[in-house]
Amino acid sequence: MPTLFTKIVNGEIPSYKIAEDENFYAFLDINPNAKGHTLCIPKKEEDKIFDLEEDTYLELMRFSRKIAKALEKTINCKRVGIAVVGLEVPHVHVHLIPLNDMKEMTFQHKITMSKSDFETLVSEIQSNL
């Protein structure tokens, strides 16, 4: 059965897409820790990040870096944090979280954004890619 993220990649579930290429997809987290919280995923389903082929792992990190750099240009933050937890959805995903405070990395602190906020943010980030 396809994961939630595969359904997003396939367009079966809507997302606030930031970028995609042949192998990877980046989209805003709909339950964000901070403004700009983005998920980067491989399009091919794999449960654990260290089970990825080495080349795919390195390409995912390269893709994530590109997105993080755009986030830094878009969001007023001290830095962009990175986390790979992988317990929520059995599909590799890299969290990129603009940080101004450590609480934004706890996954217990969430913010609320409107559909309009998400759509505006997507355009802003994309303009910095």
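Predicted model: local features only at pLDDT ≥ 70, side-chain atom pairs only at ≥ 80, totals over all residues.
Is cysteine 40 buried or exposed, and what is its relative accessibility? At 0% relative accessibility, cysteine 40 counts as buried.

The nearest cysteine sulfur to that of cysteine 40 belongs to cysteine 77, and it is 14 Å away. Seen from the other end, cysteine 77 is likewise in no disulfide, with the sulfur of cysteine 40 as its nearest cysteine sulfur. Cysteine 77 also counts as buried, because its relative accessibility is 18% and the cut-off for buried is under 20%.

**The cores**

Cysteine 40 brings us to the largest nonpolar core, which has 26 residues. Cys40 is among the members that touch the most other members, together with Ile18, Leu28, Leu60, Ile67 and Leu96. Several elements each supply at least two residues of this core: strands S1 (17-20), S2 (24-28) and S5 (94-99), along with helices H2 (54-74) and H3 (115-127). Helix H2 gives the most, with 6 residues.

Leaving aside neighbours within four places in sequence, leucine 28 is in contact with Tyr16 and Ile18, with Gly36, His37 and Thr38, and with Phe118, Leu121, Val122 and Ile125. There is also a second, separate core of 8 residues, including Ile8, Val9, Phe27 and Val89.

**Strand S5**

What covers the story of S5 is burial: 6 of its 6 residues are buried. S5 pairs with strand S3 (residues 38-42) in the antiparallel sense, through 3 bridges. Strand S4 (residues 79-83) is also antiparallel to S5, and 5 bridges join the two.

**A loop residue with a positive phi**

Phenylalanine 107 lies in the loop between S5 and H3. Although it is not a glycine, phenylalanine 107 has a positive phi of about 65 degrees. Its relative accessibility is 27%, which means that phenylalanine 107 counts as partly exposed.

**Glutamate 20 and its partners**

Glutamate 20 is found in strand S1. With 38% relative accessibility, glutamate 20 counts as partly exposed. Leaving aside neighbours within four places in sequence, its contacts are Tyr25, Lys43 and Phe63.

| Side chain | Partner side chain | Polar contact |
|---|---|---|
| glutamate 20 | lysine 17 | 2.8 Å |
| glutamate 20 | lysine 43 | 2.7 Å |

How far apart in space are glutamate 20 and lysine 69? The two are 15 Å apart, C-alpha to C-alpha, and 49 residues apart in sequence.

Technical notes: Residues numbered from 1 in each chain as written. Heavy atoms only, no water. Disulfide = S-S within 2.5 Å. Buried < 20%, exposed > 50% of the residue type's maximum accessible area, 1.4 Å probe, protein only. Core = buried A, V, L, I, M, F, W, Y, C linked by side-chain atoms within 4.5 Å. Helix = DSSP H or I, 4+ residues; strand = E, 2+ residues; numbered from the N terminus. Contact = heavy atoms within 4.5 Å. Pairing = 2+ DSSP bridges. Polar contact = N/O pair within 3.5 Å; in protein donor to acceptor, adjacent residues only side chain to side chain.
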